[in-house]
Amino acid sequence: MHRFAQMEKISLYGLSENEIYVLLEPYGFSSANAHELAVNIYKRRYRSFDDFIKIPERLRSVLKSDFCTGYSEFVDSYKSDDNTVKYLFRTDDGRQFEAVYIPDGKRHTVCVSTQSGCRMGCMFCVSGSFGFHGNLEVSEILNQVLGIPPSELITHVVFMGMGEPLDNFENVVRAVKALTAQWGMALSPVHVTVSTVGIKDAFSSFLLQSDCNLTLSLHSPFPDERLQFIPAEKRNPFNDVLAEMKRAILRKGRRLSVAYIMIEGLNDTERHLNELIVLLKDTGIRVNLLPYHSAGNNNLMPSSAEKLHYFKHSLVIAGISASVRKSRGEDIAAACGLLAARLAGRRC
Ligand code: SF4
């Protein structure tokens, strides 16, 4: 539960209908009142208590005095030529984080952050070099969906922005519940994807506690090479996480995937392709191939489009479901953590 430090008000974003009822019951309000509050927040996406409908005036006064919705306006936004929009937010104490809205036909995705910065230090990621500035509250995570202008259009949510979601486990689990529960936004769990480097114990718990999709950031099928890209490999060997994924009993439609950012000469050789096939054949685990976005602080180059499609084709021929993800919003630095990191760089 997020209490705003200065105002000492309780934020409703992230609370279940029942939790709202438990808080309101001492004031003499009913479970039906709690239900209407949840509908006003999560379904109607109202951000001000003045706009709430179907609630008694006395409840509105209590809300204004002791609660806040959790809504907080973005501080800046950048629109790409391809209509991707990046929203920059600040926490009450000034830490930056960002969300990216990606429209694609009938599909409207928002990519959310779970931390300001990140402590995982992955080699190719700007969020890592931005440093770690703390976990986001559940209300701050949900505000990236509920508090952006296209909120009512959102069909998909991906946890692929700044931060390692499973390093902020409790708040991410609560956020996913609010996104997928009937009392919440009621998105299909298979329209919500959490992407992780694979924090071992948290991964197992998350598999059990949620029905949403999970993506493991793999980037090399060889442990010693992956360790160079992702220091978390040392304590969280991907082979253990993959074994967990292979054992998982999945609800219909739920998808487990690996993400594979392709970097020229580094992880895009025949040796890598063959080992990927050995690792993933007959597992049902899907491969998302992504072009590398240059972070500007190294000499790494993206693999060619031909190489990405060659990998995809070869994986599919081997019976492994694979896709190439389109690059979106490159002109506004829409890759993970790029905008906040660049702005922070400008400030210094
Ligand atoms: S890739 Fe993800 S886990 Fe790794 S540093 Fe970036 S934000 Fe953190």
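## Terms and model

Helices (H or I, at least four residues) and strands (E, at least two) are DSSP runs, numbered from the N terminus. Residues are numbered from 1 along each chain as its sequence is written. This is a predicted model, in which local features need pLDDT of at least 70, side-chain atom pairs count only at pLDDT 80 or more, and totals for chains, interfaces and linings use all residues.

## Two domains

The protein splits into domain 1 (10-68) and domain 2 (76-347). These bounds come from an automatic or database domain assignment. Taken over C-alpha atoms, the domain centres are 33 Å apart.

The domains touch. Nine residues of domain 1 are in contact with 15 residues of domain 2. Contact here puts the C-beta atoms, placed from the backbone, of two residues within 7 Å. On the domain 1 side, the touching residues comprise three nonpolar, three polar and three charged ones. Ala, Val, Leu, Ile, Met, Phe, Trp, Tyr, Cys and Pro count as nonpolar; Asp, Glu, Lys and Arg count as charged; the others, Gly among them, count as polar.

## The sheet

An open sheet of 10 strands runs in the order β3-β4-β5-β6-β9-β10-β11-β12-β13-β14, with mixed pairing. Its edge strands are β3 and β14, each pairing on one side only. From one strand to the next, the twist averages 20°. Axes are lines fitted to C-alpha atoms, for helices over the stretch in contact, and angles run from 0 to 180 degrees between N-to-C directions. Two strands pair if DSSP finds at least two bridges between them. Strands of a sheet pair through backbone hydrogen bonds, either parallel or antiparallel.

## The β3 end: two hairpins

Strand β3 (residues 76-79) pairs with β4 (residues 85-90) in the antiparallel sense over four bridges. K79 stands opposite V85 in β4. Five residues lie between the strands of this hairpin, and N83 takes a positive phi near 75°.

The next pair is β4 and β5 (residues 96-104), antiparallel and joined by six bridges. Here K86 faces V100 in β5. This hairpin also has five residues between the strands, and G94 takes a positive phi near 90°.

Strands β6 (residues 107-111) and β9 (residues 156-159) run parallel and share three bridges. T109 has H156 in β9 as its bridge partner. Helix α6 (residues 169-180) lies across β9 and β10 (192-196), at about 165° to β10.

T155 sits in the loop between α5 (138-146) and β9. It counts as partly exposed because it has 14 C-beta neighbours inside 10 Å. The scale is set by other C-beta atoms, placed from the backbone, within 10 Å of the residue's own: buried at 20 or more, exposed at 12 or fewer, partly exposed in between. Leaving out residues up to four places away in sequence, T155 touches R107, H108 and H191. T155 and L12 are 143 residues apart in sequence, and their C-alpha atoms are 22 Å apart.

Strand β13 (residues 286-291) is largely enclosed by the rest of the structure, because five of its six residues are buried. On one pairing, six bridges join β12 (residues 256-262) to β13, and the two run parallel. On another, three bridges join β13 to β14 (residues 322-324), again parallel.

β12, helix α10 (residues 270-280) and β13 make a right-handed β-α-β unit. Right-handed means that, with the strands pointing away from the viewer, the path from the first strand over the helix to the second runs clockwise.

## Loop residues with positive phi

Most residues other than glycine have a negative phi, and most peptide bonds are trans. K54 has a positive phi near 60°. K54 lies in the loop between α2 (31-43) and α3 (57-66). With 12 C-beta neighbours inside 10 Å, K54 counts as exposed.

D282 also has a positive phi near 60°. Its place is the loop between α10 and β13. D282 has 9 C-beta neighbours inside 10 Å, so it counts as exposed.

## A residue in α2

H35 lies in helix α2. It is partly exposed, with 16 C-beta neighbours inside 10 Å. H35 and N18 are 17 residues apart along the chain, and 8.3 Å separates their C-alpha atoms.
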